[in-house]
Amino acid sequence: AKYNSVKVPLSSSYKRQSFSLGYQVAPANVEYRSVVWSSSDSNMTVDQNGTCVPAKNSAVAAKITVTVTDYYGRTYSDWVYVSFANYPVTGVTVSPTSLALTAGEATTLSYELEPKGTLGIGSASIKTVLWESSDPQVVTVAGGVVTAIDSGTAQIRCIAADGGITAVCSVSVTADKTGLNQALTEARAVNGSLYTPDSYAALQRAIASGEAVFNKTYATTMEISAAQTAVQNAMERLIQRPAVHLIPAAGSTAAVDEGQRFVYGVLPGTTDVASCFTATEGGSLRFTPASCGSGTGSTLTLIDPYGEAVESFTLVVFGDVNGDQRYDGTDAYLVRLIVNGMIPSAALTDAQRLAADCNHDGTVDSLDAAILVHAGLLLESVDQSLPADELAANSIYLDYCGLIDQTIIPADETPSVQPQKPAAGPVSIVEQILTFFRHVQIWLFNILFVKI
């Protein structure tokens, strides 16, 4: 046995006690040069026949080792404990019986031996205990001080040197995952649309592996560190997608409004709208016609070099309200309905409202209808070259609009308080002529519109 206890009667001297040990070698017929016995405590002697004797008249426990040396100088050894006691150990308890530690943390265990005796009489003669860890890579122990090394579970054994009676403390160790958790949080927040698919996919794989380690109860420090490093490296290796933009094609009259995501300047009747534009940085375009044709309301989707849709632009052909790629009497009729409140503004898309504003003054009114009436008679064309913000800044155009303003206010929006007429005064001949032309213009418009 590994632990051998000799009970010494109270009436007998320790020095008169002995315990004999033997040994075996394998194979049985092997030749060897020497056999040496040794004791870990000078208070117990062992002779070269393996006989153990207390050196003093007192209780003692010692580790007895036998070492065999062969003719090649190789050594082989084994050990047992031998103890001599008046009151042998009958039980061991350890406190606490379980521990949950973080790697690097340390704590101390306490123990008690049976018998405890009464007033110091009859207690266990030998108080020495030995400490062992079932897995020193998880936790170590020395003198009852337990030190957590790495994640895992292990048992700390408290062994009485007298007889080998054992008590156990179960220990679980977890490693710190704070750094890994922070790296995963930052990685999850990355906007994948900003990076190339391959580099972002590599990051997702690193995140998945890191989460598996994070969710592993007893992930080791090495595993955690490797997972954290992998996530951080994947983030550092992210490659930004090229900034793809939509621009007019060379020689095209088209214009791009990136702020409002509209495209202008495409001439009515254009069969290949996409050819009027170019995608930068190796991107491409996807054209989607409107329900009535390839006019107002059609979309141009910008595709990056990796096949991902970046953003979409809506086509506006000024004057083309119904989206059939031309402006004519049908559009004039629709604008008239809009002006008279028969088509509510909420029923129109932003693109249709822009298309209906033929003169780019920011208001859909009878002037826009008049332009379309003339256009339907091939007497006028709708300007496609200037976006609304540029045309509205033209001072000559603003003066013209102020001169012939004919905005119609729907009845439900008519102010409850009518503005007072200015006091009568002399009217110049110029003002009289302008007033006359205004009335003529309204009369002509109504005649032409009825005919259409």
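User: Where does Ser298 lie?

Analyst: Happy to start there, in a predicted model where local features need pLDDT of at least 70, side-chain atom pairs count only at pLDDT 80 or more, and totals for chains, interfaces and linings use all residues. Residues are numbered from 1 along each chain as its sequence is written, and side-chain values use heavy atoms, leaving out hydrogens and water. Strands are DSSP runs of E, at least two residues long, and helices are runs of H or I of at least four, numbered from the N terminus. Ser298 sits in the loop between β21 (284–288) and β22 (299–303).

User: Is Ser298 buried or exposed?

Analyst: Buried means under 20% relative accessible area, exposed over 50%, and partly exposed in between, with a 1.4 Å probe and protein chains only. The relative accessibility of Ser298 is 1%, so Ser298 counts as buried.

User: Which residues of helix α1 are buried, and why do they line one face?

Analyst: The buried residues of α1 (residues 178–188) are Leu180, Ala183, Leu184 and Ala187. The arc is taken from the directions from the helix axis to the C-beta atoms. Seen down the axis of α1, these buried residues line one face because they fall within an arc of 100 degrees.

User: How far apart in space are Cys358 and Val321, C-alpha to C-alpha?

Analyst: Cys358 belongs to the loop between α5 (350–356) and α6 (366–376), and is buried at 3% relative accessible area. In sequence, Cys358 and Val321 are 37 residues apart. In space, C-alpha to C-alpha, the separation of Cys358 and Val321 is 9.8 Å.
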